[in-house]
Amino acid sequence: MKDFSRELSFKTSRSSGAGGQNVNKVETAVTVLWKVEASYFLNDDEKALIQEKLKNRINAEGYLFLTVSESRTQLMNKNKAIEKIIDIVNKSLIVPKKRTATKPSKAQKQKRLDTKKKLSDKKENRRFKF
């Protein structure tokens, strides 16, 4: 778990959705920005992995950004944005295990063939014979 929340910068904007008149005058939506290349918490391999896996979320300037407008308050949206961006980055740092190719055993092959034969015999017995 990498916590790089000190490197995050925030922008606010007017949120859509519920809130009545509050929506029209208060900037509650929070956009969190993080410059991936300038991070001190990650090494070069981790930065490359993040840039590869999250390339659709990183803009041309190299900022990873996320907008949250779930709550009616700016503070709650800011906290949710921090949680979400840390979660997204930590998930992108997980390297999946290599799959080792395996073959079915002789017993598995024989069981499959036996099952096929039983089903075939059952269907054959249903036929009308002259």
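Colleague: Aromatic rings first: the rings of Phe, Tyr and Trp (its six-membered ring) pair if their centres lie within 6.5 Å, with planes under 30 degrees apart stacked, over 60 edge-to-face and the rest tilted. How many aromatic pairs does this rule give?

Modeller: The count is zero aromatic pairs. Please note that this is a predicted model, in which local features need pLDDT of at least 70 and side-chain atom pairs count only at pLDDT 80 or more, while totals for chains, interfaces and linings use all residues. Residues are numbered from 1 along each chain as its sequence is written, and side-chain values use heavy atoms, with hydrogens and water left out.

Colleague: Which residues lie over the face of a ring, then?

Modeller: Lys35 lies over the face of Tyr63, at 5.1 Å from the ring centre. Lys78 lies over the face of Phe10, at 4.6 Å from the ring centre. The rule requires NZ of Lys or CZ of Arg within 6 Å of the ring centre and within 35 degrees of the ring normal.

Colleague: Changing topic, how many helices and strands does the protein have?

Modeller: There are four helices and three strands, and from the N terminus their order is β-α-β-α-β-α-α. These elements are DSSP runs numbered from the N terminus, helices being H or I with at least four residues and strands E with at least two.

Colleague: What radius of gyration does the protein have?

Modeller: The radius of gyration is 27 Å, whereas a compact globule of 130 residues would be near 14 Å. That quantity is taken over C-alpha atoms, and the globule rule is 2.2 Å times the number of residues to the power 0.38. The C-alpha atoms fill a box of roughly 85 × 45 × 25 Å along the principal axes.

Colleague: How much of the protein counts as buried?

Modeller: Of its 130 residues, 26% count as buried. Buried means under 20% relative accessible area, exposed over 50%, and partly exposed in between, using a 1.4 Å probe and protein chains only.

Colleague: Which residues of H2 are buried?

Modeller: In helix H2 (residues 44–53), the buried residues are Glu46, Lys47 and Ile50. They lie on the same side of H2, because they cover an arc of only 100 degrees around the axis. The arc is that of the directions from the helix axis to the C-beta atoms. On the other side of H2, Asp44 and Asp45 are exposed.

Colleague: What do those buried residues of H2 pack against?

Modeller: They pack against strand E2 (29–35) and helix H3 (74–92). Contact here means heavy atoms within 4.5 Å.

Colleague: Which residue caps the N-terminal end of H2?

Modeller: Asn43 does, with a side-chain oxygen 3.2 Å from the backbone nitrogen of Asp45. A polar contact is a pair of N or O atoms within 3.5 Å; within protein, one must be able to donate a hydrogen and the other to accept it, and residues adjacent in sequence count only if both atoms are side-chain atoms.

Colleague: Where is Ser39 found?

Modeller: Ser39 is in the loop between E2 and H2. It counts as buried because its relative accessibility is 4%. Its side chain reaches the backbone nitrogen of Phe41 at 3.3 Å. Neighbours within four places in sequence aside, Ser39 is in contact with Glu7, Trp34 and Lys47.

Colleague: And Asn77, buried or exposed?

Modeller: Asn77 is buried, with a relative accessible area of 0%, and its place is in helix H3. A polar atom of its side chain lies 2.8 Å from the backbone nitrogen of Ser71. Leaving aside neighbours within four places in sequence, the residues in contact with Asn77 include Thr28, Val30, Val68 and Ser71.

Colleague: What about Lys111, buried or exposed?

Modeller: Lys111 is exposed, with a relative accessible area of 60%, and is found in helix H4. Lys111 and Glu61 are 50 residues apart in sequence and 58 Å apart in space, C-alpha to C-alpha.

Colleague: Last one: where is Arg99 found?

Modeller: Arg99 is in the loop between H3 and helix H4 (106–126). Arg99 is exposed, at 69% relative accessible area.
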